[in-house]
Amino acid sequence: MKIWKKLALATAALAMVGTLSACSSNKSASTSSNKNQITLWVDTEQVPYYKTIAKDFEKSHKGIKVRVTQSPNGSANAKTDVGKDPSKAADVFEVPNDQLGQMAEAGYINPLSPTDTKNIKNNYIETAYKGVEWKNKVYAYPYAQQAQTIYYNKSKLSENDVKDWDTLTSKGVVATDFTNAYVMWPVFFSAGTKLFGTNGEDLKGSTFKSQEGVNALTWFAEQKKNKNVMQTSNALNQLKKGKAAAILDGPWNAANIKKILGKNFAVAKYPTITVGGKKVQMEAFLGIEGFAINSHTANAKASAQLAAYITNKKAQLIVHKNAGQIPVLKSAINSSDVKSDSVAEAVIEMAKPGNSVLMPKMAQMATFWDGSAPLISGAYDGKIKPSQYKAQLNKLAKKIEKK
């Protein structure tokens, strides 16, 4: 469900499920001799409503029993949890799209059947299909699209105020996290650079070791001097305290933000920013959340049936209702519940080309996440000087180009 919280909440997810995983990890395997039972891994807070969805599945698939349990360390760590011992991992598990390439290359997951692939290509939005595709094959059943938006207190900021970063930060405080590459790296896209090429699958296709990349780092450094830009690892708390009038966050936190702001809740796509002397759209990462099938499962057919079922229209709308996740099935997106949801409207707008970039699925993304965060935070807090920008960009590019 949330990476994309990815770096921001991975540590929290580990803490949340650490105790539970100690007693459940040995029981999570369903690649066992029991042909009638399959196991589904989801994030801890998702367990209740996926149990409901699983019960509906069992009614229409007689003889198949589904055990729903929490992922040992959260879906953001799917490749690590499955990689420890695929034979003991769940038959079906939740995974963010940036991990699919590495998992496919490692043999942890298999491509979907031609029938299911065709269904996803024809009935799901194009970005969802592209998000779960790796080397012309589809490896997961998508169920949600995730892109950050700006949430704000409309008693302090107007709809026009939040359309441009300069105006926004002249009127109120924006809280965000410059130590989180998931949140901040897309400024590089706004500056005109690419990460692993146009399609996100080109090992040598990154272009950030350039003047455009330097411009992005310069923008980060400028924000340190902006008194109305607050660095925090917990923007939600700053909003709650009233110290921030706006935050950059994803649909996974929409329900919490609504509780905090009440009647003053408002959401919009990202503002424009000025990078390298040009006014450009501030971009975000677009993530596709899906369910993959363990290649070691002894119940491949039943697992495929379950994965398809828990990503159908009814299931996507249940997840939207319970967790605010934005559907990717065209018929679900066109439902009245989604169309009347202001958060969904903003996320769908951010998902459009020019507003966001689909997260690459390269195996090197793990190296990218590790190396990009200190680069951004270093430029922001001044530990990396302007004279070092080009060298540091070259260093990161070299790291992520290794096979």
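1. Start with helix α3, residues 78-84, in this predicted model. Lysine 84 and aspartate 81 both lie in this helix. They sit 3 residues apart, about one turn of the helix. Their side chains meet in a salt bridge, at 3.9 Å from N to O. Lysine 84 has 61% relative accessibility, over the 50% cut-off, so this residue counts as exposed. Aspartate 81, at 7%, counts as buried.

2. Side chains of opposite charge can pair when their charged atoms come close.

3. Look next at aspartate 56 and lysine 314. Their side chains form a salt bridge, with N to O at 3.4 Å. This pair links distant parts of the chain, 258 residues apart. Aspartate 56 is in helix α2 (residues 47-60), and lysine 314 is in helix α14 (residues 313-323). Aspartate 56 is buried, at 18% relative accessibility. Lysine 314 is partly exposed, at 48%.

4. Glutamate 401 and lysine 204 also form a salt bridge, and their closest N and O atoms are 3.8 Å apart. Distant parts of the chain are linked here too, 197 residues apart. Glutamate 401 lies in the segment after α19 (389-400). Lysine 204 lies in the loop between α9 (187-190) and α10 (211-224). Glutamate 401 has a relative accessible area of 16%, under the 20% cut-off, so this residue is buried. Lysine 204 counts as exposed, at 57% relative accessibility.

5. Finally, check Asp164, Asp166 and Lys279. A network of salt bridges links these residues.

Methods
Residues numbered from 1 in each chain as written. Predicted model: local features only at pLDDT ≥ 70, side-chain atom pairs only at ≥ 80, totals over all residues. Heavy atoms only, no water. Salt bridge = Lys/Arg side-chain N within 4 Å of Asp/Glu carboxyl O. Helix = DSSP H or I, 4+ residues; strand = E, 2+ residues; numbered from the N terminus. Buried < 20%, exposed > 50% of the residue type's maximum accessible area, 1.4 Å probe, protein only.
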